[in-house]
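Please consult the sequence and the structure shown here alongside the text.

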Amino acid sequence: MRESYRDKQNRKARIAREKQESFEERRHKERRQNERRIEDRRKEKRVVDIDRRNAERRISERRIEDRREEDKVYEDVIAGRNAVMELLKSSKDINKIFIEKGEKHGSINEIVARAKEARIVIVEVEKAKLNTMAENHQGVVAVVPPFNYCELEDILDFAKEKGEDPFVLVLDGIEDPHNLGSIIRTAETAGVHGIIIPKRRTVAVNATVAKTSAGATAYVKVARVNNINDSIRKLKDAGLWVIGTDGAAKTEYYNQDLKGPIAIIIGSEGFGMSKLVKENADILIKIPMKGEINSLNASVSAGIVMYEVVKQRI
């Protein structure tokens with residue numbers, strides 16, 4: 001049957017429509033594929049951006065942590081050959097030891113040997129690095145945990161364990177770290193069972209104190225208290241005589257009985273004992289002055305009185 005003109009036109013129109021629909025469908029499909037590819041690329045970029053930001057954040061956090069670590073290192077260090085050697089002998093915790101690069105002589109070799117034996121990390125650095133960590137380091141700096149203060153009761157218990165009358169030093173306002181270090185060094189050699197310092201108006205046990213003490217901070221118990229007068233009352237309750245050093249006292253130190261349970265108060269470098277601390281002392285003693293200068297360095301005064309106690313106890 002011959003196709004009519006109308007049917008022919010309808011068929012052509014249908015074929016054209018199908019082609020157009022097929023073309024539109026392909027275009028739509030390609031558009032969807034392109035959109036998916038674009039979305040995938042965006043997702044990949046977001047992931048990359050997130051990864052980059054995370055990496056940058058981790059790097060930043062590491063840098064902050066490194067700076068904090070450096071700050072801790074500079075605060076909690078023991079510098080100097082004698083101080084580090086005594087620290088090693090005491091078996092106290094040491095995080096790591098920094099040694100100056102280059103040829104090593106003398107006690108440095110023994111420090112390195114002891115540190116290796118104790119499996120302590122040793123880091124060789126330039127002198128400039130050590131200079132930023134401590135003054136007068138003599139080529140060696142030990143990084144340690146913060147100083148471990150004790151309680152007043154620990155000092156009394158220590159004397160009891162040794163079977164000795166308590167011998168305690170109370171420092172009222174010592175602000176010079178060199179004085180505190182020297183006092184701690186003398187206290188260790190004189191057999192003092194412990195030292196009491198207030199939290200305010202006094203220097204804490206730091207790197208300078210440790211170095212000046214020649215390592216004695218590794219052996220001497222130090223209690224850091226909120227109120228020194230409360231601590232004096234506790235010492236009295238424990239049976240100790242509390243003796244203050246004062247230039248205006250009437251009794252010379254060598255004429256005072258310093259045997260038995262005793263606590264010696266040493267005042268600050270410039271002002272001596274505070275008024276209330278002086279009032280809480282049981283007895284006041286003085287070191288006679290024969291020259292034009294009417295006062296001694298606090299660490300010298302402490303040493304004189306401590307060794308008078310030693311002499312009387314022998």
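## Salt bridges

The model is predicted, and the count of salt bridges in it comes to eight. The criterion is a side-chain nitrogen of Lys or Arg within 4 Å of a carboxyl oxygen of Asp or Glu. Side chains of opposite charge can pair when their charged atoms come close.

One of these pairs joins Lys101 to Glu126, with 3.8 Å between the closest N and O atoms. This pair connects distant parts of the chain, its two residues being 25 residues apart. Lys101 belongs to the loop between strand 2 and helix 3, whereas Glu126 belongs to the loop between strand 3 (121-125) and helix 4 (127-133). Lys101 is partly exposed, because its relative accessibility is 45%.

Within helix 10 (residues 298-313), Glu308 and Lys311 are three residues apart, about one turn of the helix. These two residues form a salt bridge whose closest N and O atoms are 3.5 Å apart.

Lys259 has a relative accessibility of 47% and so counts as partly exposed. Asp257 is likewise partly exposed, with a relative accessible area of 46%.

## A patch of negative charge

Where do Glu151, Glu153, Asp154, Asp157 and Glu161 gather? These residues form a patch of negative charge on the surface. Membership of such a patch requires over 30% relative accessible area and no salt bridge.

Glu161, one of the patch residues, is found in helix 5 (residues 152-161). Glu161 is classed as exposed because its relative accessible area is 66%, and exposed residues are those over 50%.

## Packing of helix 2

Helix 2 spans residues 81-90, and its buried residues are Ala83, Val84, Met85, Leu87, Leu88 and Ser90. Which elements do the buried residues of helix 2 pack against? Their strand partners are strand 1 (77-79), strand 2 (96-100) and strand 4 (140-143). Their helix partners are helix 3 (107-117) and helix 7 (207-212).

Definitions and conventions: Residues are numbered from 1 along each chain as its sequence is written. This is a predicted model: local features need pLDDT of at least 70, side-chain atom pairs count only at pLDDT 80 or more; totals for chains, interfaces and linings use all residues. Side-chain values use heavy atoms; hydrogens and water are left out. Patches are made of residues with over 30% relative accessible area and no salt bridge: like charges are joined within 9 Å, nonpolar side chains (Val, Leu, Ile, Met, Phe, Trp, Tyr) within 5 Å. Accessible areas come from the Shrake-Rupley method with a 1.4 Å probe; for residues, only the protein chains shown count as cover. Lys and Arg count as positive and Asp and Glu as negative; His and the chain ends are not counted. The place of a charge is taken as NZ of Lys, CZ of Arg, CG of Asp or CD of Glu. Helices (H or I, at least four residues) and strands (E, at least two) are DSSP runs, numbered from the N terminus. Buried means under 20% relative accessible area, exposed over 50%, partly exposed in between (1.4 Å probe, protein chains only). Contact means heavy atoms within 4.5 Å.
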